[in-house]
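Dear colleague,

Please find below the structure that I am handing over to you.

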Amino acid sequence: VAKNYLQAKQENIGEIYVNVLQKVNLSMAEDGRIIGNSIVGEVNVRAVSESACDMGLPTFELSFTVDKRLKTEENTVEVAECVSYLSVESLLKDKEEYATVGLRFTPRSSEPFQLMRYSLNEPKSVPLLLHLGTMKEECGDTLTQLAFMLNLKADFEKTAHANDVTITVPAPPIVGSCEVLLRPTSPKQCPGHAVYDPETSTVIWKIKKLNGGENVELKTVFDTNECQHVKNWKRGPILADFQIPAYMAAPFSASRLAVSDDRLVAKWIKYDTESGVYEI
């Protein structure tokens, strides 16, 4: 990529950057029932014309292969005003049905803009990228302790990894002391670090990098000093925040990016998945 970038600068040819981003939203009840989940996708574009001879920005043709459910009424597709042509057609690929989205557009300036926005609102089309196991709650001998056991698993391919994973776990409102224990499932794995924040009454668990298929465990023991608070307290949702570079939660890949005239254009396409509202 760096070599192509330098070559584009030296030869004064045009450039186009396409960033495909998917935000995964999930709401799950304590018993594991999925209340709601969706994927909101964005296709952001930035095009740069030739520096030596400014002829304006060319017209581009961009095609995507996407999940077939993008064609249903429950889902939406929105495009920018500069798009002069849009088509969504079904096709059969490897015995599985997909859809192709074709776009023709002419950028109005070299400023970044959102070319397309889409949503997948069907539960079956949204995978569980981070799975949190059952949380066990128990009182100690003095009936003033509350212990949480939390298992976090990366339910995506081993070739991918999640960066900057942050898990926010609610804590009882009155805590005298808190003990946090992290346990990896393999010797080479780093379980991150977790701290209790008394100002927000939460345990914040951060993992710099979590590989696909890995799972780690978190155990917290709260000493509330008051038995009544242990019995009456109801846990709020656990929040998860993460980014998975070079990964798509739902099928969405660029199959064609072309220029309508004979001008040379350097092309870059980037894929990313990150959490939207992800709570369990």
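The notes below describe the confidence of the model and then its sheet.

This is a predicted model, in which local features need pLDDT of at least 70 and side-chain atom pairs count only at pLDDT 80 or more, while totals for chains, interfaces and linings use all residues. Residues are numbered from 1 along each chain as its sequence is written, and side-chain values use heavy atoms, with hydrogens and water left out.

The chain has a mean pLDDT (the predictor's confidence in each residue, from 0 to 100) of 79, and 75% of its residues reach 70 or more. Among the elements (DSSP runs numbered from the N terminus: helices are H or I, at least four residues, and strands are E, at least two), helix α1 (residues 2-11) has the lowest mean pLDDT, 49. Strand β16 (residues 239-245) has the highest, 94. Where pLDDT is low, the predicted coordinates should not be read in detail.

Nine strands form an open sheet of mixed pairing, in the order β4-β7-β2-β1-β18-β16-β11-β14-β13; two strands pair if DSSP finds at least two bridges between them. Its edge strands, β4 (76-79) and β13 (193-197), each pair on one side only.

Strand β1 (residues 14-28) runs parallel to β18 (residues 265-279), joined by 13 bridges, and G14 stands opposite V265 in β18. β1 runs antiparallel to β2 (residues 34-48), with 14 bridges. These two strands form a hairpin with five residues between them, and G32 in the turn has a positive phi of about 95°. V45 in β2 stands opposite V18 and also opposite F113 in β7.

Yours sincerely
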